[in-house]
Amino acid sequence: MEPVIDNLDLYWSGFLTSLEFIVYSLVGSMLLGTLIAAFRVSPIAALRSFGSAYVTVVRNCPLTIVLFFMAFGLPELGINYSFFTFGIVGLVIYTSAFVCEALRSGINAVPAGQAEAARAIGLTFSQTMREVVLPQAFRSAVPPLGSVQIAMFKNSAVAGAFGIGGDLYSVGRTLTSARGFEYIPVLTGVAIGYLVITLSAGAALAVIERKVAIAR
Amino acid sequence: MTQSDSGVSAANGAPLVVLEHVDKWFGDLHVLQDINLSVARGEVVVVIGPSGSGKSTLCRTINRLETIDKGTITLDGQPLPQEGKELARLRAEVGMVFQSFNLFAHKTILENVTLGPIKVRGQKKAEAEKRGLELLDRVGIAHQSAKYPAQLSGGQQQRVAIARALAMDPKVMLFDEPTSALDPEMIKEVLDVMVDLARQGMTMVVVTHEMGFARTAADRVVFMADGAIVEEGTPEEFFTNPRSERAQDFLGKILKH
Ligand SMILES: Nc1ncnc2c1ncn2[C@@H]1O[C@H](COP(=O)(O)OP(=O)(O)O)[C@@H](O)[C@H]1O
Ligand SMILES: [Mg+2]
């Protein structure tokens, strides 16, 4: 494990970069996914169609294709940002389709009477969603949302392969190809970095699930 | 603004809720058939009839939870708006109490009662809470205001639902079988609150089979069968001397039990 121990500072900064990338993608995909889910149950037919088309296309597209678009397609159109940004956008788009579907199953689990009662006191559609339906939908959607986001954490390594730069994946690549360390210890170090993130997320998820269960 | 127009048509003698030639279909089912009904200010109308006759649907068209296919419905002289903000504003004027209470499961009792006033009426939280507690006190639930709906009995939940509707200062209250989901010992506590409301002059449309309530509080009984209004009259007339065969048949059945 010498390559890891000798390069702890490099691993640490890679860990922080990966974590930053993941946090942005998490927040972004939750927001976008919630918006698309609201589209999918909206009273406006055009929004419903857009929502379901979005989910169908994005969910059935391999992540690597989405990332290729970001990395090579957009610059061709003259849109240039760092791949750190492009990677987040790609991962947010991809993950939001899954967030949307997880949330929609949660929305369907909220009894119809809840939204009716909300409308009956004069709340608009968006107020009904925000105040009554979504808070309850999130509760029953915590477990599937958790799996979606943990899958996203791991997918962030795929974005890393496209060259986010400075993240755990690129630390692994630098140490093996540029400096010639052996793969097994270096990648073990990378894996540990990801495990720290996913396992803490799993633990946090368990806490959230318990909290939500009590508040019911 | 057309405020002055509506002011004239909504002068005190004019009816508050008017349904004219209302028809509605669910696919092939003609669920409301040429319904004509007008409810005066302060009037309490009880709607009674066999299950599946369209009572809930009728009730729900009045705040447009169900749309209609033909005819017109006006509230306080104004036709019901189509969709969007206008409709939301109208719904705030019409209180609705459901058979299954439908209290917001993730909010406390007090939050259930203050949500509408804060979000729809733009009241300050403190102001809404003060009024909310008064209303909860009026229905006898003030000491439970920090609990969640699931911690209350059915009768208590239904009284909270009434307070939630009252918090919007509605012009009319709709009740769709408010006691049908309750255990017998809880029915009275809910009916008492409703009788009180009726005494204080609230305009009410109540779908119920509680004859005691109809006799004490109703000004008029409307009997529905197969999507149509078959007969109407005072509670006394209707219960002691129903004219139509359908009503005689129906009363025969419910009186036997
Ligand atoms: N959303 C709906 N879609 C299709 N049919 C419905 C719907 N709601 C009610 N119905 C039908 O309309 C009829 C009247 O229902 P309802 O108004 O609930 O009657 P009631 O309240 O008098 O029991 C019933 O036959 C019922 O099955
Ligand atoms: Mg009914």
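## The largest cavity

Helix H6(B) gives the most to the lining of the largest cavity, namely three residues. Helices here are DSSP runs of H or I with at least four residues, and strands are runs of E with at least two, numbered from the N terminus. The model is predicted, so that local features need pLDDT of at least 70 and side-chain atom pairs count only at pLDDT 80 or more, while totals for chains, interfaces and linings use all residues. Residues are numbered from 1 along each chain as its sequence is written, chains are lettered from A and ligands numbered from 1 in the order in which they are written, and side-chain values use heavy atoms, without hydrogens and water.

Helix H6 (112-120) of chain A and helix H6 (154-166) of chain B each supply at least two residues of this lining. The lining consists of Ala117(A), Ala120(A), Ile121(A), Met96(B), Phe98(B), Ala161(B), Arg164(B) and Ala165(B). By class, it has seven nonpolar, no polar and one charged residues. Nonpolar covers Ala, Val, Leu, Ile, Met, Phe, Trp, Tyr, Cys and Pro; charged covers Asp, Glu, Lys and Arg; the others, Gly among them, are polar.

The volume of the largest cavity is about 40 Å³, and the count of cavities of 30 Å³ or more comes to two. A cavity is a set of points, on a 1 Å grid over the protein atoms alone, where a 1.4 Å probe fits but cannot get out; lining residues have an atom within 4 Å of a point. Grid points are joined across faces, edges and corners, and a volume is the space filled by probe spheres set on the points.

## The surroundings of ligand 1

The shell around ligand 1 includes Phe26(B), Leu29(B), Val31(B) and Pro50(B). By class, this shell has four nonpolar, six polar and one charged residues. Strand E2 (29-39) and helix H2 (55-61) of chain B each supply at least two of its residues, and H2(B) has the largest share, with three.

Oxygen atoms of ligand 1 lie 2.7 Å from a backbone N or O atom of Gly52(B), 3.0 Å from a polar backbone atom of Gly54(B) and 2.8 Å from a side-chain N or O atom of Lys55(B). The protein covers 58% of the 560 Å² of accessible area (Shrake-Rupley method, 1.4 Å probe) that ligand 1 has on its own.

## Arg138(B)

Arg138(B) is found in helix H5 (residues 125-138) of chain B. Its relative accessibility is 43%, so Arg138(B) counts as partly exposed, that is, between buried (under 20%) and exposed (over 50%), with a 1.4 Å probe and protein chains only. Arg138(B) and Val113(B) are 25 residues apart in sequence and 13 Å apart in space, C-alpha to C-alpha.

Technical notes
A residue is near a molecule or strand if one of its heavy atoms lies within 4 Å of it. A polar contact is a pair of N or O atoms within 3.5 Å; within protein, one must be able to donate a hydrogen and the other to accept it, and residues adjacent in sequence count only if both atoms are side-chain atoms. On a 1 Å grid over the protein atoms alone, a cavity is a set of points where a 1.4 Å probe fits but cannot get out, and a pocket is an open set with protein on both sides within 12 Å along at least five of seven lines; lining residues have an atom within 4 Å of a point.
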